Amino acid sequence: MRPPYLQPGQKVAIVAPARSINEAEIKMAVSIFESWGLQVVLGKNLFNTHYQFAGTDEERAGDFQQMLDEPEIRAIICARGGYGTTRIVDQLDFTEFLKYPKWIVGFSDVTVLHCHLHNLKVETIHGVMPLLFPKQTEVSIESLKQALFGQPLKISSVLSVMNKLGNAEGVVVGGNLTLFANAIGTPSEINTDGKILFLEEVNEYLYHIDRMMVQLKRAKKLDNLAGLIIGHFSGVKDNDAFFGQTVYEIVNDLTRNLRYPVCYNFPVGHEKHNMTVICNRLARLQVTEKRVEMQFQ
């Protein structure tokens with residue numbers, strides 16, 4: 001299912017399913033959404049705090065549920081990531097949402113929702129969240145508008161000597177590596193066969209990244225892909241006993257005998273140029289010596 005594209009005058013909601021946030025941190029995003037002609041509705045618990053979370057699990061789930069069920073809300077935009085969405089996803093009832101689907105927007109910790117809604121056969125938007133608007137390029141913010149309003153969306157990437165050339169067509173799935181791996185064995189686990197998988201990560205140790213990529217390999221999530229996209233792996237750390245491989249080398253070792261295109265340094269993730277990806281939609285990926293490009297159908 002593809003939720004209806006937005007029209008000026010419609011309402012969108014901002015909720016916080018994970019870490020806490022304050023009003024000043026979403027001010028720029030609210031202003032931009034309003035400049036697009038949208039009415040912004042804030043979750044009643046949006047600025048609550050409970051330890052590191054934006055309120056208790058019940059409060060965060062309650063805000064999200066209210067916006068899922070409210071027919072006038074046409075998109076639910078997650079204020080920020082961090083950690084916490086996994087704690088509430090199984091509390092959510094998508095019955096009304098599936099009757100009248102709306103866009104769910106966010107990335108990083110929100111990956112669990114992209115995975116969960118993939119299994120409910122609904123398209124979602126992996127894109128910049130309000131907290132990060134001040135640190136984003138105009139192009140990445142514009143790509144979110146393009147996705148929400150139904151304008152053509154195409155993403156180009158810089159070339160990498162590590163790329164494995166080829167063309168692919170498939171439904172796009174993925175997001176944050178940690179959350180994608182953590183979904184295995186849960187109702188949010190995705191069958192990746194024949195799909196284009198994209199991954200990004202932030203502030204992880206190299207051996208953690210290797211461990212999670214090996215987990216994907218052992219769980220057969222890498223074996224039958226149509227294509228693999230490696231986005232930003234930001235703030236990667238090593239420990240005193242050097243791991244000995246870069247992220248790209250880790251991925252290359254695990255996929256070298258698999259017959260699908262792989263591209264690196266794709267503009268998706270925790271960097272200032274975080275392009276919007278439409279999850280669960282068919283796309284074409286081209287990885288050639290001259291260009292890397294993904295175009296959504």
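How many of the nine residues of helix 5 are buried? Eight of them are, and helix 5 (residues 111-119) is therefore described as mostly covered, since buried means under 20% relative accessible area. Keep in mind as you look that this is a predicted model.

**Helix 5 and what follows**

You can find the buried residues of helix 5 by name: T111, V112, L113, H114, C115, H116, L117 and H118. After helix 5 comes K121, which has a positive phi, near 65 degrees.

L120 sits in the loop that links helix 5 to strand 5 (124-126). Is L120 buried, partly exposed or exposed? Its relative accessible area is 27%, so L120 counts as partly exposed. Leaving aside residues up to four places away in sequence, L120 touches M1, F94 and L98.

**A serine in strand 6**

Next, look for S157, which belongs to strand 6 (residues 154-157). S157 has a relative accessibility of 13%, and because buried means under 20%, S157 counts as buried. What does S157 touch, if residues up to four places away in sequence are not counted? The answer is Y264, N265, F266, P267 and V292. With N265 there is a detail to look for: a polar atom of the S157 side chain lies 3.2 Å from the backbone oxygen of N265.

Here are the two residues with their accessibility values.

| Residue | Relative accessibility | Class |
|---|---|---|
| L120 | 27% | partly exposed |
| S157 | 13% | buried |

**Two helices side by side**

Two packed helices are described by the angle between their axes and the distance between the axes. For helix 8 (residues 206-218) and helix 9 (residues 247-255), the angle is about 20 degrees and the axes are 10 Å apart. Angles under 35 degrees count as roughly parallel, so helix 8 and helix 9 are roughly parallel to each other. Their crossing is right-handed.

Which residues meet where these helices pack? Helix 8 brings L206, I209, D210, M213, V214 and K217, and helix 9 brings V247, I250, V251 and L254. Sorted by class, the contact of helix 8 with helix 9 has eight nonpolar residues, two charged ones and no polar ones.

Note on methods:
Residues are numbered from 1 along each chain as its sequence is written. This is a predicted model: local features need pLDDT of at least 70, side-chain atom pairs count only at pLDDT 80 or more; totals for chains, interfaces and linings use all residues. Side-chain values use heavy atoms; hydrogens and water are left out. Axes are lines fitted to C-alpha atoms, for helices over the stretch in contact, and angles run from 0 to 180 degrees between N-to-C directions. Helices (H or I, at least four residues) and strands (E, at least two) are DSSP runs, numbered from the N terminus. Angles under 35 degrees count as roughly parallel, over 145 as roughly antiparallel, 65 to 115 as roughly perpendicular and the rest as oblique. A crossing is left-handed if the near helix is turned anticlockwise from the far one by less than a right angle, and right-handed if clockwise. Contact means heavy atoms within 4.5 Å. Ala, Val, Leu, Ile, Met, Phe, Trp, Tyr, Cys and Pro count as nonpolar, Asp, Glu, Lys and Arg as charged, and the others, Gly among them, as polar. Buried means under 20% relative accessible area, exposed over 50%, partly exposed in between (1.4 Å probe, protein chains only). A polar contact is a pair of N or O atoms within 3.5 Å; within protein, one must be able to donate a hydrogen and the other to accept it, and residues adjacent in sequence count only if both atoms are side-chain atoms.
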